[in-house]
Amino acid sequence: MTMSESLHNSASSVPIEGHLFYWMSQAINLRNTSLSHALAPYKCTFPRWRVMNMLCQFPDVSIGQLAEKTAVDRTTLTRTVEKMESDGLIARGVRADNRRITTLNLTPKGQAFFEQILPLVRNKNTEALSNLEEDEVKTLIVSLKKVVAALGGPTEAHQFAPPASKAPPGT
C-alpha cells in the first residue's frame, strides 16, 4: 500500500497531508493573520479591510449582499459595519429604485483610508503568492471557483475564467 493510499484509508480521521480543505484553511488563516498584523498600526482589522475592499468594488450594496460577497455571517458583519459607520468610514443610504433597501458605501474618509492601506495589502498578497507562478495562481482561482460553485456559493463563482488583471486579489 502506498503512503497516499494509507492516508486516504484511515477510518478514524480525515488525513491531513492530502486534505485540500486543511491546506486552504491554513493558507487563509496565515495570510489573514499576517495581514492583520500589518494593518494593526493603522488601527484597522482584517474584517474592516474586507468590508472596505468590497464597498470599493461594489458600491450601494445591501448588508445581505455584502454578507454574501464577504462570506461573513450577517450578525458578525453588522457589528463591523456599525463600528465603521460610527468611525465615519462608511455611510448608509437607500436605493433610488427601492427606498426600503438600505445601502452601504464608503465615505470620502473611508475611501481615503482604503487608498492609504491598499499598497500594504497588495504587498502582503504578493508576498503570500511569491512561491507561485502567474499561471498557477490563475489555475488555482479557477479550481477554487469550481469548488465554491459546487458548494452553492455566489453566482460569480460559476464563471470559471480567471481574473484578467495581474494584480493580486485584494481580499
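What does the accessible surface of the protein chain come to, and what percentage belongs to carbon and sulfur atoms? The accessible surface comes to about 11000 Å², and 57% of this area belongs to carbon and sulfur atoms. Accessible areas come from the Shrake-Rupley method with a 1.4 Å probe, and for residues only the protein chains shown count as cover.

## Basis of the model

This is a predicted model, in which local features need pLDDT of at least 70 and side-chain atom pairs count only at pLDDT 80 or more, while totals for chains, interfaces and linings use all residues. Residues are numbered from 1 along each chain as its sequence is written, and side-chain values use heavy atoms, with hydrogens and water left out.

## Overall organisation

The protein chain has 7 helices and 2 strands. Read from the N terminus, these elements follow the order α-α-α-α-α-β-β-α-α. Helices (H or I, at least four residues) and strands (E, at least two) are DSSP runs, numbered from the N terminus.

The protein chain has 171 residues, of which 26% count as buried. Buried means under 20% relative accessible area, exposed means over 50%, and partly exposed lies in between (1.4 Å probe, protein chains only). Among contacts with a separation of 6 or more, 50% join residues 24 or more positions apart; a contact means heavy atoms within 4.5 Å.

## Helix 2

Helix 2 comprises 20 residues, 20–39, and at 1.5 Å a residue it should span 28 Å. Its end C-alpha atoms are 28 Å apart, in agreement with that value; the expected span is 1.5 Å times one less than the number of residues. The buried residues R31, N32, L35, A38 and L39 belong to this helix. They cover an arc of only 120° around the axis, which puts them on the same side of helix 2. The arc is that of the directions from the helix axis to the C-beta atoms. Cover for the buried residues of helix 2 includes helix 3 (46–57) and helix 6 (108–128). On the face turned away from the buried side, helix 2 carries the exposed residues L30 and H37.

F21 is found in helix 2 and has a relative accessible area of 43%. Together, L20, F21 and L151 make a nonpolar surface patch of about 330 Å². Patches are made of residues with over 30% relative accessible area and no salt bridge, with like charges joined within 9 Å and nonpolar side chains (Val, Leu, Ile, Met, Phe, Trp, Tyr) joined within 5 Å. A27 also lies in helix 2, and its relative accessible area is 47%. A27 and A128 are 101 residues apart in sequence, yet 8.6 Å apart in space, C-alpha to C-alpha.

## Helix 4

In helix 4 (residues 63–70), the buried residues are I63, L66, A67 and T70. Seen down the axis of helix 4, these residues fall within an arc of 100°, so they line one face of the helix. Helix 3, helix 5 and strand 2 (102–106) are included in what covers them. After helix 4 comes A71, whose phi is positive, near 55°.

## Salt bridges

Side chains of opposite charge can pair when their charged atoms come close. A salt bridge is a side-chain nitrogen of Lys or Arg within 4 Å of a carboxyl oxygen of Asp or Glu. A search of the whole structure finds 5 salt bridges. One of them joins E85 and R92, with the closest N and O atoms 2.8 Å apart. E85 is partly exposed at 31% relative accessibility, and R92 is partly exposed at 39%.

K83 has a relative accessible area of 45%, while D87 has 26%, and each is partly exposed. K83 and R48 are 35 residues apart in sequence and 9.2 Å apart in space, C-alpha to C-alpha.

E134 forms a salt bridge with K138, in which the closest N and O atoms are 3.6 Å apart. E134 and K138 are separated by about one helical turn, because they are 4 residues apart in helix 7 (residues 134–150). E134 is partly exposed at 42% relative accessible area, as is K138 at 32%.
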